[in-house]
Amino acid sequence: MKLLVKNIKELLQVRETSTSFLSGKEMAELPTIKNAFLVVEDEMISNFGPMTDCPESIDFDQVEDASGKIVIPTWCDSHTHLVYAGNREREFVDRIHGLTYEEIAKKGGGILNSAKTLQNTSEEDLYQQSKARLKAVMAMGTGAIEIKSGYGLTLEAELKMLRVIKRLKEAFPISVKATFLGAHAVPKNTDKETYVKELIESWIPKIAGENLAEYIDVFCETGYFSVEDTEAILKAGKAYGLKAKIHVNQFTTIGGVAAGVKNDALSVDHLELLLEADIQVLQNSRTMPVALPGCSYFLSIPYTPARKIIDTGLPLALATDYNPGSAPSGNMNFVVSTACVKMGMTPEEAINAATINGAYAMGLENQLGSITKGKFANFMITEPVNSYSFLPYSFGEDHVDSVYIKGHKIE
Ligand code: NIG
Ligand code: FE
């Protein structure tokens, strides 16, 4: 199948070669071609350039006219909990009435509440609920996604979640990465030391043995898992080939960033609080800081200090954190817009953070995240708009007209 998209008003994120990630400084630039064409052959981007070099339409099986429209690589959402059962609107209302996220969790709400619901949900039902969410986020432009377990908290229920992720991976054309987050919360009536030991000695070998995850995650946070627990779990994961991607510095700073970097974490996510020492430790590392502005918005907690991160030269990725408790939205357009409105990122920085740097945060930087020959033809075509800055500017809306995954338009 040969597809030509022609008369593109502006083709964004055009890179001759594939970059691993963009540093804070490099994020300021978003290379584009105005009045461009794009060619897809066998699922891959095979050519692009200015319209003056556009090949003849007659040589193609399919031709799209993108007059007045912008083409962007699809969003790379590197942090989600998209597989979950039921919702938590009750807790949302409790928070409106004044309870904090921590207080709700202490009362048995929060992650434990979702775990109870998930344990009582059949695998088929869980799959159907998750499938609907995945379809919805793809329609909004997400073309690669990481999904975590962590709402099971029994071996059986964690396996159920991971099998659902595996089914999504097989049923959908987009790249899906699975992360084992057994250390999301300590289950009710369980001693934490016993639980961590169980994760390390039994669950990790089983999950890695069945090839159900590529990454390992820990909620490194006061009241959840300590730095010591985190290190022990990351080391155990590493021994089984699971690379680390961790939750750190959401509510308190306990040294999790350093623990992540020390254990070669691919990413450290949340960072609503960030100490000078954390920034120091991230310098010269290969670990990607990931901000989740949807979570800050929804929980009314601080936004990750993006300017501080970027201005010191560190890279930054943006993701949704799509989950029932702290970010019940998987809309990357909202995330990109909120990063501009609330975190002081420029449209160029936010788009870079949500494409190339997001791809890096799930090990997909050689396949996705930019318009580069040889990468998968995952891109979206916007409605007619004046400029790409209109996209984050018009917050709460998405101007995605159509989405192509491996060169095929999704319905
Ligand atoms: O990334 N912080 C830990 N986990 C999720 C929220 C979990 C929940 O409330 O269900 C997060 O924000
Ligand atoms: Fe999360």
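1. Let me start with helix α5, residues 155-171. At 1.5 Å a residue, its 17 residues should span 24 Å, and the end C-alpha atoms are 24 Å apart, which agrees. The expected span here is 1.5 Å times one less than the number of residues. Helices (H or I, at least four residues) and strands (E, at least two) are DSSP runs, numbered from the N terminus.

2. A word on provenance. This is a predicted model, in which local features need pLDDT of at least 70 and side-chain atom pairs count only at pLDDT 80 or more, while totals for chains, interfaces and linings use all residues. Residues are numbered from 1 along each chain as its sequence is written, and chains are lettered from A and ligands numbered from 1 in the order in which they are written.

3. Buried stands for 20 or more other C-beta atoms within 10 Å of a residue's own, exposed for 12 or fewer, and partly exposed for anything in between, with C-beta atoms placed from the backbone.

4. Next, the parallel sheet. Eight strands form an open sheet with parallel pairing, in the order β6-β7-β8-β9-β10-β11-β12-β13. The edges are β6 (75-77) and β13 (317-318), each of which pairs on one side only. Two strands are said to pair if DSSP finds at least two bridges between them. Within this sheet, β11 (residues 267-270) and β12 (residues 288-291) are joined in the parallel sense over three bridges, and Val268 stands opposite Pro289 of β12.

5. Which residues does UniProt list under "binding site"? The unreviewed entry gives His79, His81, His247 and Asp321. They span 243 residues in sequence, yet no two of their C-alpha atoms are more than 12.1 Å apart, so they gather at one spot. Please keep in mind that UniProt positions follow the numbering used here, that feature names are shortened, and that annotations may be inferred rather than shown by experiment.

6. Three of these positions, taken in turn. His81 sits in the loop between β6 and α1 (89-96) and counts as buried, with 27 C-beta neighbours inside 10 Å. Leaving aside neighbours within four places in sequence, His81 is in contact with Lys148, Gly150, Tyr151, Tyr322 and Asn323; contact is scored when two C-beta atoms, placed from the backbone, lie within 7 Å. His247 belongs to strand β10 (residues 243-248) and is buried, with 28 other C-beta atoms within 10 Å. Not counting residues up to four places away in sequence, His247 touches residues including Asp217, Phe219, Asp269 and His270.

7. What surrounds ligand 1? The shell consists of Gly110, Ile111, Ser114, Phe219, His247, Gln250, Cys295, Asp321, Asn323, Pro324, Gly325 and Ser326. A residue qualifies if its C-beta atom, placed from the backbone, lies within 6 Å of the molecule. By class there are four nonpolar, seven polar and one charged residues, where Ala, Val, Leu, Ile, Met, Phe, Trp, Tyr, Cys and Pro count as nonpolar, Asp, Glu, Lys and Arg as charged, and the others, Gly among them, as polar.

8. Helix α12 (residues 332-343) deserves a look too. Of its 12 residues, 10 are buried, so the helix is largely enclosed by the rest of the structure. Among them are Phe334, Val335, Val336 and Met343. Gly344 follows α12 and has a positive phi, near 70°.

9. Finally, the antiparallel pairs. Strands β2 (residues 32-41) and β3 (residues 44-50) pair over six bridges, with Glu41 opposite Met44. They make a hairpin with two residues between them, and Asp42 in the turn has a positive phi of about 45°. Further along, β14 (residues 379-382) and β15 (residues 400-405) run antiparallel, joined by four bridges. Two bridges then link β15 to β16 (residues 408-409), also antiparallel. Tyr404 stands opposite Phe379 and has Lys409 as its bridge partner in β16. In the hairpin of β15 and β16, Lys406 takes a positive phi near 45°.
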